[in-house]
Amino acid sequence: MAEPLPPPKRIAVLTSGGDAPGMNAAIRAVVRTGLARGFEVFGVRDGFTGLIAGNLVPLGARDVGGIIGRGGTVLGTTRCEALRTEAGQAAAVARLARREIGGLVVIGGNGSQAGANALALRGVRVVGAASTIDNDLAGTDVSIGTSTALDVALEAIDRLRVTAASHKRVFLVEVMGRNTGHLALNAGIAGGAEAIVLPEREDEPEGVAAEILAAYERGKSHAIVVVAEGAKYNGERLARHFHEHRGRLGFELRVTTLGHVQRGGTPSAFDRVLATRLGAAAVDHLDAGRHGVLLGVVDDEIAATALATVAHLRKPLDARLLELASVLAR
Ligand code: F6P
């Protein structure tokens with residue numbers, strides 16, 4: 001009797017957590033590289049929530065046509081509480097086993113890679129692709145979506161500087177980043193901010209006010225302050241403090257909170273290429289039997305870091321950039 005055929009090589013891809021411009025380019029790369037390597041490729045709808053519910057669809061090359069330039073994720077995404085539970089993890093593993101899917105690519109940020117690690121601990125062959133506008137994932141210099149989110153923030157800052165200069169005002173611009181300041185630090189440097197307020201430094205309002213007043217004393221006519229949403233004093237709290245003390249401080253101030261607009265950009269060339277590299281590398285890893293890692297880029301080379309490590313680390317701010325920021329504000 002003939003031996004039964006081995007199960008087809010099947011992999012699946014999902015996007016999870018906050019969407020990030022470039023996720024679609026990563027999905028496209030996984031699908032087309034996977035097909036080229038002889039895999040059958042499945043897309044999981046709505047992140048880990050869809051995986052637990054068994055919401056998987058086969059994807060062909062044409063299904064990912066025309067998506068490389070689109071922001072968001074065509075697969076949908078969720079923040080999945082159920083994956084934190086034993087039952088949720090067991091259900092996810094069972095769904096993959098039932099479809100004979102031998103490898104999973106998880107495109108997402110910190111919470112998503114912690115979920116990927118939980119599945120890896122249950123024996124799933126999983127590879128993560130670093131994707132978050134926050135750029136706070138350990139094991140990578142940069143994540144999918146960060147460059148585009150920065151460009152969106154920068155366009156807003158450049159526009160605000162025009163009106164700030166006309167009115168000789170101070171503008172506070174709050175950017176995302178959850179509880180880290182990578183986005184704020186880079187937006188502040190690129191936007192020539194007079195002050196940057198970061199969660200990592202616990203900046204106090206009087207210190208920020210002193211920086212603004214010092215900028216005026218150096219002959220500046222207006223000021224831009226970039227504030228991370230996770231800072232001890234976020235945009236709203238800073239504005240309240242400055243409003244209460246406006247008589248003493250003597251400057252007029254406006255606040256703009258950029259919020260989710262930063263996630264909605266058309267992916268930059270950088271993000272499209274980064275996402276394509278990471279998606280293709282994820283397939284390479286699964287094909288070579290390497291898994292349980294997050295893929296990112298370090299010194300422009302693809303770098304793999306154990307998911308177990310990534311799940312417990314947060315990338316620190318670049319100390320050289322921090323120093324530069326205060327020198328360049330002069
Ligand atoms: O992690 C990406 C991010 O956009 C953070 O910058 C922000 O704090 C958070 O997601 C917002 O989450 P949600 O879209 O669930 O409100």
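**Helix packing and ligand surroundings**

In this predicted model, helices α6 and α12 are oblique to each other, since angles from 65 to 115 degrees would count as roughly perpendicular and those under 35 degrees as roughly parallel. Their packing angle is about 40°, and the axes lie 10 Å apart. Helix α6 spans residues 182-190, and helix α12 covers residues 319-328. The crossing in which α6 passes α12 is left-handed. On the α6 side, the contact is formed by Leu185, Asn186 and Ile189, while α12 contributes Leu321, Leu322 and Ala325. Classified by residue type, this contact comprises five nonpolar residues and one polar residue, with no charged residue.

Pro205, Glu206, Val208, Ala209 and Ile212 of α7 make the contact with Leu238, His241 and Phe242 of α8. The classes represented in the contact of α7 with α8 are six nonpolar residues, one polar residue and one charged residue.

The surroundings of the ligand consist of Arg79, Ile133, Asp134, Met176, Gly177, Arg178, Glu229, His260 and Arg263. For Gly177, a backbone N or O atom is located 3.1 Å from a ligand oxygen atom.

Technical notes
Residues are numbered from 1 along each chain as its sequence is written. This is a predicted model: local features need pLDDT of at least 70, side-chain atom pairs count only at pLDDT 80 or more; totals for chains, interfaces and linings use all residues. Side-chain values use heavy atoms; hydrogens and water are left out. Axes are lines fitted to C-alpha atoms, for helices over the stretch in contact, and angles run from 0 to 180 degrees between N-to-C directions. Helices (H or I, at least four residues) and strands (E, at least two) are DSSP runs, numbered from the N terminus. Angles under 35 degrees count as roughly parallel, over 145 as roughly antiparallel, 65 to 115 as roughly perpendicular and the rest as oblique. A crossing is left-handed if the near helix is turned anticlockwise from the far one by less than a right angle, and right-handed if clockwise. Contact means heavy atoms within 4.5 Å. Ala, Val, Leu, Ile, Met, Phe, Trp, Tyr, Cys and Pro count as nonpolar, Asp, Glu, Lys and Arg as charged, and the others, Gly among them, as polar. A residue is near a molecule or strand if one of its heavy atoms lies within 4 Å of it. A polar contact is a pair of N or O atoms within 3.5 Å; within protein, one must be able to donate a hydrogen and the other to accept it, and residues adjacent in sequence count only if both atoms are side-chain atoms.
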